Amino acid sequence: MRRPGARDAGPRALDARRTEALLLAFALAVVIYGYASAGLAMTGGLPARLTHFAVSQLCLATAAHLAVRRFAPYADPLILPLAFLLTGLGLVLIQRLDPAYAARFDSAPASGGQLVWTVLAVAATIVVLWALRDYRQLQRYLYVTMAASMALLMAPAFFPGDTYGAKRWVYLGPLSFQPGEFAKVSIVVFFAGFLVLNRDALSCTGRRWLGMTLPYGRQIGPIAAVWLLSLLVLVFERDLGTSLLFFGVFIAMLYIATERTNWVACGVAMTLVGAVAVGATEPHVKGRVMAWLHPFDIYLPADQRPPGLISDQAAQALFSFGSGGVTGSGLGQGHPELIGFAGRSDFILTTVGEELGLAGVMAVLLLYTLLVARGFRTAITCGNPFGKLLAAGLSLVMALQVFIIVAGVTGLMPFTGKALPFLAQGGSSMVANWLIVALLLAISNQARRHLNPTDGDQYGTEVSDPGADHPEPVGRGRGQHRLVETGQGHPGDV
């Protein structure tokens with residue numbers, strides 16, 4: 001099926017693209033204002049590279065918008081502006097941190113490299129929109145995708161760890177990257193395809209025990225394999241964040257596909273067993289748990305500290321949030337460099353908390369919430385079960401990663417070292433998260449092309465189109481549920 005361009009797009013598509021252009025203009029204004037404000041606060045004058053930064057952001061926004069207008073004209077108009085605004089805020093924060101890190105740690109500037117990675121990420125998004133004419137093509141390569149995901153997850157085990165022991169990086173000469181960031185995308189593709197093929201067996205069969213319907217052994221095999229793999233990642237790579245993200249997404253997608261709480265109960269139980277076992281035996285993970293339980297004990301004399309405490313980051317993060325108050329000290333007027341090197345990655349949220357206050361943190365979290373909500377909106381409006389689960393899984397990846405990082409830096413759970421999507425420094429994270437944006441745009445474009453605008457809802461309801469978004473009919477059973485079956489007139493969609 002030929003993909004429509006902007007020239008043959010209908011009025012709804014043009015309206016969506018106009019809305020997207022206006023929102024991108026607003027995001028661009030916010031980002032440029034933040035860049036100028038930080039420079040004024042730190043140097044007393046406008047930044048020397050303000051024009052360069054503004055032009056680069058304008059070019060990125062224009063290129064991405066034109067690509068969506070050409071290759072995905074019906075796509076959700078909020079997804080791209082939200083991703084662009086979060087990315088731009090991240091560039092502003094990293095640029096603001098560069099002088100402070102140079103003065104305190106003699107660290108090289110990171111904003112230039114991050115801008116280059118942003119350009120590459122937007123370029124990758126454009127390539128995906130151009131090349132992926134139909135997202136359902138991904139369903140043909142499920143086991144290849146699974147094999148690639150396993151290779152990416154296990155690759156860091158064969159390379160040295162970072163400063164505090166976790167193994168997330170693969171080193172190829174002068175280059176390095178985090179394969180786990182790309183694995184989170186490919187693993188969701190596999191989970192979506194696997195659950196679409198096996199959802200009837202997973203949702204309609206089982207054995208009664210103590211009032212619960214438990215799955216048969218052959219059905220619990222995949223979840224046991226995923227649980228074992230997540231433990232292997234945790235043991236051999238000491239990467240708590242990737243392990244939690246990997247297993248949490250699988251359990252959540254299982255529930256979406258089957259609507260059986262038994263799967264969630266099994267998953268939570270297995271997670272607790274594995275976490276307690278590894279946390280009690282693995283020194284690196286145990287140290288992070290101790291830092292979470294006793295963040296201020298790092299300032300005690302060495303002979304009075306609990307064993308395993310090696311960093312004051314947890315305590316400094318709480319100090320940073322506390323000093324920010326409701327409105328913050330002002331962008332460029334705090335001391336986020338006291339958090340150490342992690343202030344550019346998982347702890348970059350503390351810069352927001354200190355300099356923009358509680359209001360700034362809530363604004364950033366609302367941006368993430370809106371982006372995740374648009375992803376779930378895409379899942380609900382999509383008429384194809386694979387597309388539904390893929391959009392929901394990609395949204396869950398984003399939501400879980402943000403939750404794991406925010407909970408870690410605020411003291412709700414042990415911190416994990418994962419990069420905060422879009423905001424934090426890191427080329428692998430930037431490219432991987434923009435790939436998620438590209439896939440959501442592709443799915444929403446195909447779903448919204450077949451909405452009926454006469455239904456009263458501004459987004460309409462999806463109409464039947466045998467050649468558009470509908471798979472072969474499958475049997476029904478207990479697995480009839482709200483997300484994968486939306487009640488929008490699709491016989492055969494479960």
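In which loop is Phe-422 found?

Mentor: Happy to. Keep in mind as we go that this is a predicted model. Phe-422 is found in the loop between helix 14 (385-409) and helix 15 (427-448). Its relative accessibility is 1%, so Phe-422 counts as buried. The backbone deserves a glance too: phi of Phe-422 is near 70°, a positive value in a residue other than glycine. For context, most residues other than glycine have a negative phi.

Thr-125 is found in helix 4 (residues 111-131). With a relative accessible area of 5%, Thr-125 is buried. Apart from residues up to four places away in sequence, Thr-125 touches Trp-434, Leu-435 and Ala-438.

Val-185 is buried, at a relative accessible area of 9%. Setting aside neighbours within four places in sequence, Val-185 is in contact with Leu-394, Ala-432, Ile-436 and Leu-439. Between Val-185 and Ser-149 there are 8.6 Å in space, C-alpha to C-alpha, although the two are 36 residues apart in sequence.

Next, the charged side chains. Glu-181, Lys-184 and Lys-418 are linked in a network of salt bridges. In general, side chains of opposite charge can pair when their charged atoms come close. The count for the structure comes to 8 salt bridges. One of them joins the side chains of Arg-374 and Asp-76 at 2.9 Å, N to O. Arg-374 lies in helix 13 (residues 357-381) and Asp-76 in the loop between helix 2 and helix 3 (79-105), so this pair ties together parts that are 298 residues apart in sequence. Both Arg-374 and Asp-76 are buried. Another salt bridge, between Arg-17 and Glu-20, has an N to O distance of 3.0 Å. Both of these residues lie in helix 1, 3 residues apart, about one turn of the helix, and both Arg-17 and Glu-20 are buried. Asp-134 and Arg-136 also meet through their side chains in a salt bridge (2.6 Å, N to O). Asp-134 is buried, with a relative accessible area of 17%, while Arg-136 counts as partly exposed because its relative accessibility is 21%; the cut-off for buried is under 20%.

Finally, the rings. A search of the whole structure finds 9 aromatic pairs. Among them, Tyr-35 and Phe-53 are stacked, with 4.1 Å centre to centre and 10° between the planes. This pair links distant parts of the chain, as Tyr-35 is in helix 1 (residues 11-43) and Phe-53 in helix 2 (residues 50-71), 18 residues apart. Tyr-35 counts as buried at 6% relative accessibility, and Phe-53 counts as buried at 5%. Tyr-299 and Phe-319 form a tilted pair, 6.3 Å centre to centre with 40° between the planes. Tyr-299 is partly exposed, at a relative accessible area of 42%, and Phe-319 is partly exposed at 43%. Ring pairs also link Phe-190, Phe-191, Phe-194 and Phe-250 into a cluster. As a last stop, find Arg-344, which lies over the face of Tyr-101 at 4.4 Å from the ring centre.

Technical notes:
Residues numbered from 1 in each chain as written. Predicted model: local features only at pLDDT ≥ 70, side-chain atom pairs only at ≥ 80, totals over all residues. Heavy atoms only, no water. Phe/Tyr/Trp six-rings, centres within 6.5 Å; stacked < 30°, edge-to-face > 60°. Helix = DSSP H or I, 4+ residues; strand = E, 2+ residues; numbered from the N terminus. Buried < 20%, exposed > 50% of the residue type's maximum accessible area, 1.4 Å probe, protein only. Lys NZ or Arg CZ within 6 Å of the ring centre and 35° of its normal. Contact = heavy atoms within 4.5 Å. Salt bridge = Lys/Arg side-chain N within 4 Å of Asp/Glu carboxyl O.
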